[in-house]
Amino acid sequence: MDVTQPIRFPVTQKAVSLDIKGNKTEIVISKYDDRFLVIVTQIGCMGTILHARKEESVSTDPTYNVSVVFGKRDEPWLLACGRQLIEHISCSDSSRHLVLSLGLKDHSPGTLKDIALAVINNRLW
Amino acid sequence: MASEELDRNFSQLKVTKDSSDCNGNNSILEQETVNSDVQITCFTEDLHDVTFHFQIIRLAKQIYVWIGCKTAKFGHLYAAAITRPNNTVAVTSILGGTSDNTGSGIARRLVLKTGLNIIVACNIPKDSPMLEATAERKLIEKLRSLGYTRQA
């Protein structure tokens, strides 16, 4: 006689821990109704936060808008990583925006490529 | 016979001391994912007939909190931290929330209670101070039980 049904938590999430170029990296991906949140941290905090979205118009191909909303604004590879992920999300037929936080020890292109790959391998879209 | 089945079922019935199961008003589902550096706690509560969802991600030097009011929309994002040299708290809106600031007060008070940098995402509708206060109270209670708050 089960009276109360437990409510399933509405946010799907996934947490993984891996090594990227010698640095221990924690990745947490959460799927909300209207956003994806990806937290990538090597330094114990969220670091730089980016917002990436697709802008679709009727006549032209979709364009993507990636901007840093909090933190380092002079690291272009962070934006490149955000751009790669939002395009991947968009190709998987999702129009959700992406909030990406990168708290990294090094901002080299190799690290960011590995991070993008790791997020894509553990994606929720 | 039906009475035999009833006897059997009663003998298998477990009596629980957990008040959350006994109280019909709260349906709480808790998930905890624990890793040495990242701890995720999620739970849902019905407070004053409104369903709140809470997601707390504790990183080594920061806590991220999402508060969902009825829906699982992300809402507005705020960051708050202690500023030097005085121990005051600075709050800023990162995404959305420029005109209604629901959630910025929560972020500020969480920093005061925990002493850590805080990022809050919250979709509580604006002009609902009661909902905001209720959610905040529950959240602080949970943070205290998890040991994330510092001693006053």
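Me: In what order do the elements of chain B run from the N terminus on?
Reply: This is a predicted model. Chain B holds four helices and seven strands. From the N terminus on, the order of these elements is α-α-β-β-β-β-β-β-α-β-α.

Me: What percentage of the residues in chain B is buried?
Reply: A residue counts as buried when its relative accessible area is under 20%. Chain B has 152 residues, and the buried share of them is 45%.

Me: Which elements of chain B do the buried residues of helix 3 pack against?
Reply: Helix 3 of chain B spans residues 104-114, and its buried residues include I106(B), L110(B) and V111(B). In an α-helix, residues three or four places apart point the same way, because there are 3.6 residues a turn. The buried residues of helix 3 of chain B pack against strand 4 (62-69), strand 5 (76-83), strand 6 (88-95), strand 7 (117-122) and helix 4 (129-146).

Me: Which residue follows helix 3 of chain B with a positive phi?
Reply: The phi of this residue is near 75°. The residue that follows helix 3 of chain B is G115(B).

Me: Which residue in strand 7 of chain B stands opposite H76(B)?
Reply: Strand 5 of chain B also pairs with strand 7 of chain B, in the antiparallel sense and over five bridges. In strand 7 of chain B, the residue opposite H76(B) is C122(B).

Me: How much area do chain A and chain B bury between them?
Reply: The contact involves 32 residues of chain A and 32 residues of chain B. Carbon and sulfur atoms account for 69% of the buried area. The area that chain A and chain B bury between them is about 2,700 Å².

Me: Which residue of chain A forms a salt bridge with D37(B)?
Reply: Between chain A and chain B, the count is one salt bridge. Its closest N and O atoms are 2.9 Å apart, and the partner of D37(B) is K24(A).

Me: How many residue pairs are in polar contact across the interface of chain A and chain B?
Reply: Both residues of a counted pair have pLDDT 80 or more. Under this rule, the number of residue pairs in polar contact across the interface is eleven.

Conventions:
Residues are numbered from 1 along each chain as its sequence is written. Chains are lettered from A and ligands numbered from 1 in the order in which they are written. This is a predicted model: local features need pLDDT of at least 70, side-chain atom pairs count only at pLDDT 80 or more; totals for chains, interfaces and linings use all residues. Side-chain values use heavy atoms; hydrogens and water are left out. Helices (H or I, at least four residues) and strands (E, at least two) are DSSP runs, numbered from the N terminus. Buried means under 20% relative accessible area, exposed over 50%, partly exposed in between (1.4 Å probe, protein chains only). Contact means heavy atoms within 4.5 Å. Two strands pair if DSSP finds at least two bridges between them. Buried area is the accessible area (1.4 Å probe) that two parts lose on being put together, summed over both. A salt bridge is a side-chain nitrogen of Lys or Arg within 4 Å of a carboxyl oxygen of Asp or Glu. A polar contact is a pair of N or O atoms within 3.5 Å; within protein, one must be able to donate a hydrogen and the other to accept it, and residues adjacent in sequence count only if both atoms are side-chain atoms.
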